Amino acid sequence: MGSLGKDAAAAAGERVVLAVNGARHEAAGVDPSMTLLEFLRTRTPVRGPKLGCGEGGCGACVVLISKYDPATDVVTEFSASSCLTLLGSLNHCSVTTSEGIGNTRGGYHPVQQRLAGFHASQCGYCTPGMCMSIFSALVKADKTGDPAPTPGFSKLTCSEAEHAVSGNLCRCTGYRPIVDTCKSFAADVDLEDLGLNSFWKKGTDPADVGKLPEYSSGAVCTFPEFLKSEIKGQMKDAPVVNAGEDGWYHPKSIEELHTLFDSKWFDENSVKIVASNTGAGVYKDQDLYKKYIYIKGIPELSVIDRSNKGVEIGAAVSISKAIEIFSDGTPVFKKIANHLSKVASPFIRNMGTIGGNVIMAQRLPFASDIVTVLLAAGSTVTIQTASKMLSLTLEEFLEQPPCDAKTILLSIFVPDWGSDNVIFETSRAAPRPFGNAVSYVNSAFLARTSGDAASGELIIEDICLAFGAYGVDHATRARKVEEFLKGKSVSAAVILEAVQLLKDVISPSEGTTHPEYRVSLAVSFLFSFLSSLGNNLNEPANAIAPNGSCANGSEKHGTLGSDDLPVRSRQELVFSDEYQPVGKPITKAGAELQASGEAVYVDDIPAPKYCLYGAFIYSTQPHAHVKSVNFRSSLASEKVITVISAKDIPVGGKNIGSGFRMLGEEALFGDPVSEFAGQNIGIVIAETQKYAYMAAKQAVIEYSTEKLEPPILTIEDAIQLLLLHGDSDRIGHPRRG
Ligand SMILES: Cc1cc2nc3c(=O)[nH]c(=O)nc-3n(C[C@H](O)[C@H](O)[C@H](O)COP(=O)(O)OP(=O)(O)OC[C@H]3O[C@@H](n4cnc5c(N)ncnc54)[C@H](O)[C@@H]3O)c2cc1C
Ligand code: FES
Ligand code: FES
């Protein structure tokens with residue numbers, strides 16, 4: 001660290017001290033790119049959090065993170081995906097996993113018992129993550145100032161229960177039993193609505209909360225006293241200055257950050273600047289980083305300043321916190337909050353920051369929802385470049401060339417539009433309304449209107465129409481349509497012309513999937529918005545929102561959209577004693593063990609000492625000679641210990657990956673010809689699984705198609721070829737296959 005200035009040295013990372021299920025852990029000298037999941041699974045006995053997608057998209061790795069503020073003596077808790085959370089960001093935090101809330105030794109937690117009793121676990125791989133998402137929702141609900149619930153229930157509402165697991169995927173059980181488990185804790189649930197379970201025989205026994213495993217809030221300590229004392233102790237002592245180069249830096253001010261940027265130590269190719277690192281779930285790291293600068297500790301980035309002019313939100317404020325702030329405001333703010341609550345999943349929103357999202361949308365063609373709604377709401381941003389601080393409209397910021405690594409977004413300001421004569425509507429179309437589903441198209445419209453005294457018609461004074469995610473570099477305003485609509489009263493003819501104009505404006509870039517579908521969605525969003533402003537349309541008179549109150553978004557014309565409808569259904573079952581004991585409400589043996597995370601899967605078996613890890617290098621070309629495999633110069637390539645390929649098969653051995661009697665043998669390695677794209681070419685061996693995966697991505701394969709027939713890429717080609725060879729017997733029946 002010698003080359004760094006004094007301030008930067010003080011900002012360097014010390015060892016990470018954290019509690020895992022109440023036990024103290026110290027992590028010194030760990031790789032700065034180590035995630036919490038990697039740490040838990042390789043350095044502690046914890047195996048509950050599983051590696052599913054590694055991208056924040058499945059919830060198998062969800063844990064509860066708790067932070068303690070010694071100044072207020074308050075502990076805050078939130079769910080998080082441990083696969084994206086970097087260990088270095090967790091100094092003095094407490095982590096609770098499924099094993100930590102209940103286990104075979106200390107007894108299971110009611111969440112685990114109810115998951116088992118509602119038959120909500122089959123293979124059980126997703127269950128510890130489900131368990132922690134439900135537990136986090138309970139902890140959050142119980143901390144609200146709402147009145148105490150009836151005994152046996154929590155403060156959770158049915159609607160919150162339905163959203164609690166919205167980002168957790170399950171491949172086998174089906175969601176009904178899982179959602180029923182969540183709802184069994186909700187004070188406003190009708191227990192008779194819950195499905196088949198082993199607590200009462202549906203249709204025969206009355207549903208009664210007394211039959212459910214008893215729940216009482218606060219039974220699990222999520223932040224141990226020793227860690228509180230340690231934190232308080234460190235406040236009194238001088239801060240620990242670490243002279244070791246562990247590659248983790250957490251500047252405490254913008255000045256310190258600039259000292260780091262100005263030092264020789266800073267090289268933007270090997271240093272990663274992170275807030276919560278959830279962006280790595282959207283754009284996967286292509287190489288390893290040696291150093292990280294963690295910016296969440298910079299106070300300027302965490303401001304929340306509310307005035308009658310609007311709300312200023314620091315770039316490092318989480319999406320969940322922003323939802324909380326906007327929810328408590330005028331209609332435009334409430335609409336923003338509503339849209340933000342559809343972004344990603346609770347465990348991503350709890351971590352991911354507003355600033356991280358805006359920066360990704362500025363630099364990359366990222367399908368951001370947040371930027372679209374903030375753009376329509378007339379937001380401005382404050383950025384700090386290497387030389388100066390600037391205030392720009394969000395639109396200006398988006399249109400600038402991608403900002404460099406030393407440009408820091410400090411805050412975002414959203415003006416308060418009040419409640420009068422302003423109509424704001426946001427929409428998004430995605431594969432699912434909630435739960436990690438990126439938009440096909442999103443939009444946000446803001447109109448300032450006035451009433452014409454003579455005719456009583458509504459006139460559009462000003463309008464902002466923002467669209468995003470339709471295959472465009474970043475969200476944009478449909479200026480041509482805005483200009484056309486300004487000063488007009490909305491009639492059927494005006495809507496028609498506006499829609500025609502929009503079709504020219506919304507133009508998905510080449511290669512975007514389903515371009516016509518996206519354009520038609522954008523048109524339908526605008527049509528629906530303008531219809532709500534329409535004069536003398538064949539709409540009911542109350543379609544026009546009085547005073548701009550929210551006749552918009554998913555609550556158009558005072559009715560609820562399908563997004564907001566609770567997932568309600570009643571299960572009617574006909575029982576018979578004919579096949580006794582089939583039909584008896586019996587809990588699956590081992591389901592609680594799965595929910596607690598103690599069930600051992602292959603990936604949970606501890607690796608032997610000095611174990612090395614492998615990752616396949618996949619061919620990217622069909623039917624091509626593999627001439628050579630090299631590695632591009634990168635940090636990940638330095639981690640390659642060796643590469644195993646067909647050449648390493650000992651004399652007498654065979655290149656066989658799998659063999660099935662009906663299908664014959666399949667080669668382990670594509671050698672000397674890669675038969676299809678995605679065939680294994682070799683295996684990279686490295687010290688950790690992550691190193692192996694990252695290194696395999698660095699492989700550069702040289703191919704040659706000389707003297708080879710072109711690949712067969714369609715069924716039609718295959719049929720033609722078989723006919724050519726007089727092999728028609730091998731052509732399957734069109735329906736039978
Ligand atoms: C599974 C999943 C689903 C998602 N779904 C949606 C969705 O439906 N809609 C949507 O809009 N978003 C979605 N997101 C994106 C999510 O909102 C962002 O990942 C998150 O907001 C990024 O915040 P972060 O703090 O984790 O950023 P990081 O990952 O820490 O940073 C992202 C990038 O921004 C830079 N950066 C961060 N903060 C600053 C700053 N203040 N100044 C300068 N540079 C900075 C970092 O260097 C990095 O390059 C999804 C993400 C995931 C993982
Ligand atoms: S492993 Fe899928 S969200 Fe973390
Ligand atoms: S993935 Fe949910 S039980 Fe198997």
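**Domains, ligand shell and sheets**

Analyst: The domain assignment gives domain 1 (6-100 + 223-294), domain 2 (110-219), domain 3 (299-558) and domain 4 (613-704); such bounds come from an automatic or database domain assignment. This is a predicted model: local features need pLDDT of at least 70, side-chain atom pairs count only at pLDDT 80 or more, and totals for chains, interfaces and linings use all residues. Residues are numbered from 1 along each chain as its sequence is written, while chains are lettered from A and ligands numbered from 1 in the order in which they are written.

User: What distance separates the centres of domain 3 and domain 4?

Analyst: The centres are taken over C-alpha atoms. For domain 3 and domain 4 the separation is 47 Å.

User: Which domains each give at least three residues to the shell around ligand 1?

Analyst: The shell holds 33 residues, and Ala275, Gly279, Gly281, Gly352 and Gly356 come nearest. A residue is near the ligand if its C-beta atom, placed from the backbone, lies within 6 Å of it. At least three residues come from each of domain 1 and domain 3.

User: Which element gives the largest share of the shell around ligand 1?

Analyst: Two or more residues come from each of strand 7 (271-274), helix 10 (279-282), helix 14 (354-363) and strand 13 (408-415). Helices (H or I, at least four residues) and strands (E, at least two) are DSSP runs, numbered from the N terminus. The largest share is five residues, and it comes from helix 14.

User: How many nonpolar, polar and charged residues are in the shell around ligand 1?

Analyst: Ala, Val, Leu, Ile, Met, Phe, Trp, Tyr, Cys and Pro count as nonpolar, Asp, Glu, Lys and Arg as charged, and the others, Gly among them, as polar. On that basis the shell has 18 nonpolar, 14 polar and one charged.

User: Why is helix 12 largely enclosed, and what covers its buried residues?

Analyst: A residue is buried if 20 or more other C-beta atoms, placed from the backbone, lie within 10 Å of its own, exposed if 12 or fewer, and partly exposed in between. Helix 12 (residues 331-340) has eight of its 10 residues buried, so the rest of the structure largely encloses it. The buried residues include Phe333, Ile336 and Leu340. Their cover includes helix 11 (319-327), helix 15 (370-376) and strand 14 (422-429).

User: Which strands stand at the edges of the five-stranded sheet?

Analyst: This open sheet has the order 2-1-5-3-4, with mixed pairing. Strands pair if DSSP finds at least two bridges between them. A single partner strand each leaves one side without a neighbour in the sheet for strand 2 (23-27) and strand 4 (74-81).

User: What is the bridge partner of Ile65 in strand 4?

Analyst: Strand 3 (residues 62-69) pairs with strand 4 in the antiparallel sense, over eight bridges. The partner of Ile65 is Phe78.

User: What angle does helix 5 make with strand 3?

Analyst: Helix 5 (residues 127-142) packs on the sheet and touches strand 3 and strand 4. Contact requires C-beta atoms, placed from the backbone, within 7 Å. Axes are lines fitted to C-alpha atoms, for helices over the stretch in contact, and angles run from 0 to 180 degrees between N-to-C directions. The angle with strand 3 is about 35°.

User: Is His92 exposed, partly exposed or buried?

Analyst: His92 has a positive phi of about 65° although it is not a glycine. The residue sits in the loop between strand 4 and strand 5 (93-96). With 16 C-beta neighbours inside 10 Å, His92 counts as partly exposed.

User: Is Lys707 exposed or buried?

Analyst: Lys707 also is not a glycine, yet has a positive phi of about 60°. Its place is the loop between strand 25 (699-704) and helix 22 (715-724). With 6 C-beta neighbours inside 10 Å, Lys707 counts as exposed.

User: What is the omega of the cis peptide bond between Asp671 and Pro672?

Analyst: Pro672 lies in the loop between strand 22 (664-666) and strand 23 (673-674). The cis bond joins Asp671 to Pro672, with omega about -5°.

User: Which residue of strand 25 stands opposite Asn630?

Analyst: Strand 19 (residues 624-631) runs antiparallel to strand 25, joined by six bridges. Opposite Asn630 stands Val700.

Methods
Contact = placed C-beta atoms within 7 Å.
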